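Welcome! Please open the structure in your viewer and keep the selection tool at hand.

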Amino acid sequence: ATGTAAGPEKPGFTPPGIAELAPKFPQLEIIELIGRGGMGAVYKARQKELDRIVALKILPPGIGDDAAFAERFAREAKALAKLNHPGIVTLYEFGRVTGFPSLPTRNERGESRREGQSDENLPPLPSPLLHGEEREKQPPLYYFLMEFVDGVNLRQLLANGRVSPREALAIVPQICDALQFAHDQ
C-alpha cells in the first residue's frame, strides 16, 4: 500500500536505511521511509535550514547506468520543476550523490575532531573517501526533493475497498485537470 509505482517492485532493490542515507544528505533530517516500489523509495525528511517537511525520493542504484539517463533525468526534472499546479507536487531540487561515506570533521591540521574534544593530541584518522576504482564502482544515487503531501494516496484509497461513484467524481476531474495542465506545459 505504500508503493510508488503501479507495477511490481524491481527485484533486488532494497531501499537504504536511514543511517546509510543520512550522510549523503547532511542538509536533511531523514525521518522515515514512507513508500517504495519499482521506481524508487520515498522518505519523509525535514530540511534543517528551512525547517520544513519534504519528501526525498531516491531512484534504485544502477538505474543511471544507461549513458543517456543522466541527460534525460535532468531534462525531465527541469520540466517538472516548471509545473505549478495544486494537483502536482512541487519539485524543490534534484540531483545525484556519489557513493562515498561521510567525512569526519577535520581541523586545519587535517586531524579528526570529535565532538566535545579539543584539537590537541588527536591522531589523524584515515579518510573514508573512496578513491580510484573503488569510487568508480559505486553507482550514483539519483534523487528528487519534493513537496511533502500528507494524507492517503490513491493506491491506499483503492486498497481500502471500492471507491464510491461520488468519491470517483470528486477525484477523477482533479487528476484530469493536473494531467491536462502538465500536457499543456
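**Stop one: a helix with two sides**

Helices (H or I, at least four residues) and strands (E, at least two) are DSSP runs, numbered from the N terminus. This is a predicted model, where local features need pLDDT of at least 70 and side-chain atom pairs count only at pLDDT 80 or more, while totals for chains, interfaces and linings use all residues. Residues are numbered from 1 along each chain as its sequence is written, and side-chain values use heavy atoms, leaving out hydrogens and water.

**Stop two: the largest nonpolar core**

Next, select Leu21, Phe25, Leu28, Ile30, Tyr43, Leu56 and Ile58: of the 15 residues in this core, these touch the most other members. Such a core is a set of buried Ala, Val, Leu, Ile, Met, Phe, Trp, Tyr and Cys residues joined through side-chain atoms within 4.5 Å. β1 (28–37), β2 (40–47), β3 (52–58) and β5 each give two or more residues to it.

**Stop three: a hairpin**

Finally, show β1 and β2, which form a hairpin with 2 residues between them. Their pairing is antiparallel, over 8 bridges (strands pair if DSSP finds at least two bridges between them). Select isoleucine 30 and you will find its bridge partner in β2, alanine 45.

Definitions and conventions: Buried means under 20% relative accessible area, exposed over 50%, partly exposed in between (1.4 Å probe, protein chains only).
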